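Here's a quick briefing for anyone meeting this structure for the first time.

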Amino acid sequence: FDINIRQPINENGKAITIENNYVKSIFVSNSGPVYIKDNRNNEDVNSYALDFTIEFSNNILVQGNRFRALYLTNDNNIIVRNNRILRTDGGFCGSNYRGIQFNNSQNAVADLNHITMICYPNIGGCGSFSRGMELNGSRDIQMIDNSIYTGGGVGNQIGFLLQGSINKNIL
């Protein structure tokens, strides 16, 4: 199943905890604190949920999950720790895939994550683009001891991409 929690803009968001669930995808907005821990797709311990999206939220912990992608947009005070992120599918010509993407977010630590992005094009024969981690316009982001592997057929396979971000600490 999907979990979709959209709280009203400009109101004090409520605390959200999503823990130990079998989920397809998670979407949370305008919340805080947000705890997303130990989730995966189904009872198979090796299963992966699809996408997790968090936006306009504060005091976020994403830990111990198995999923395909995490998108963080306009978020503050974030910890992304010890997750397994896997995507091994193909896509349309020019498809773009990210393991963890920070968009206009700040004060984050991403550590001990294992990210594998192997994206082959299966329609049209041209390249798919994958990134293990991508920072767009984000600041005060620390990336520590993550394992990132990207690969696939034609296209751009980048482990780490920075665009317009400041105060990065990559260890």
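Let's start with a salt bridge, meaning a side-chain nitrogen of Lys or Arg within 4 Å of a carboxyl oxygen of Asp or Glu: Arg 68 and Asp 51 make one, with 3.1 Å from N to O. Arg 68 belongs to strand S7 (residues 66-73) and Asp 51 to strand S5 (residues 49-55), so this pair ties together parts that sit 17 residues apart in sequence. Arg 68 counts as buried because its relative accessibility is 19%, and the cut-offs are under 20% relative accessible area for buried, over 50% for exposed and partly exposed in between (1.4 Å probe, protein chains only).

Bear in mind that this is a predicted model: local features need pLDDT of at least 70, side-chain atom pairs count only at pLDDT 80 or more, and totals for chains, interfaces and linings use all residues. Residues are numbered from 1 along each chain as its sequence is written, and side-chain values use heavy atoms, with hydrogens and water left out.

- Arg 81 and Asp 111 pair up through their side chains, at 3.0 Å from N to O. Arg 81 is in strand S8 (residues 76-81) and Asp 111 is in strand S12, so the pair ties together parts 30 residues apart in sequence.
- The two partners come with their own labels: Arg 81 is partly exposed because its relative accessibility is 28%, while Asp 111, at 10%, counts as buried.
- Arg 139 and Asp 140 also meet in a salt bridge, at 4.0 Å from N to O. Arg 139 is partly exposed at 39% relative accessibility, and Asp 140 is partly exposed with a relative accessible area of 29%.
- Arg 98, Arg 131 and Glu 134 are linked in a salt-bridge network.

**Rings and charges**

- How many aromatic pairs does a search of the whole structure find? The search turns up 1, counting rings of Phe, Tyr and Trp (its six-membered ring) whose centres lie within 6.5 Å, with planes under 30 degrees apart called stacked, over 60 edge-to-face and the rest tilted.
- That pair is Phe 52 with Phe 67, and it's tilted: 4.6 Å centre to centre, with 35° between the planes. Phe 52 lies in strand S5 and Phe 67 in strand S7, so the pair ties together parts that are 15 residues apart in sequence.
- Phe 52 is buried, with a relative accessible area of 0%, and Phe 67 is buried with a value of 0%.
- The charged end of Arg 6 sits over the ring of Phe 27, 3.9 Å from the ring's centre. For a charge to sit over a ring, NZ of Lys or CZ of Arg has to be within 6 Å of the ring centre and within 35 degrees of the ring normal.
- Arg 66 lies over the face of Tyr 48, 4.2 Å from the ring centre.

**Two loop residues to look up**

- Ser 105 is found in the loop between strand S11 (96-103) and strand S12 (106-111). Is Ser 105 buried or exposed? Ser 105 counts as buried because its relative accessibility is 1%.
- The Ser 105 side chain reaches the backbone nitrogen of Asp 75 at 3.2 Å.
- Leaving out residues up to four places away in sequence, Ser 105 touches several others (contact means heavy atoms within 4.5 Å), including Leu 72, Asp 75, Gly 137 and Arg 139.
- Asn 30 is in the loop between strand S3 (25-29) and strand S4 (34-37), and at 12% relative accessibility Asn 30 counts as buried.
- The side chain of Asn 30 reaches the backbone oxygen of Gln 7 at 2.8 Å. Among the residues that Asn 30 touches, not counting those up to four places away in sequence, are Gln 7, Lys 14 and Glu 55.
- Asn 30 and Lys 14 are 16 residues apart along the chain, and their C-alpha atoms are separated by 8.1 Å.

**The whole chain**

- The chain has 0 helices and 19 strands; helices (H or I, at least four residues) and strands (E, at least two) are DSSP runs, numbered from the N terminus.
- Of the 171 residues in the chain, 44% are buried.
- Among contacts between residues at least 6 apart in sequence, 57% join residues at least 24 apart.

How values were computed
Polar contact = N/O pair within 3.5 Å; in protein donor to acceptor, adjacent residues only side chain to side chain.
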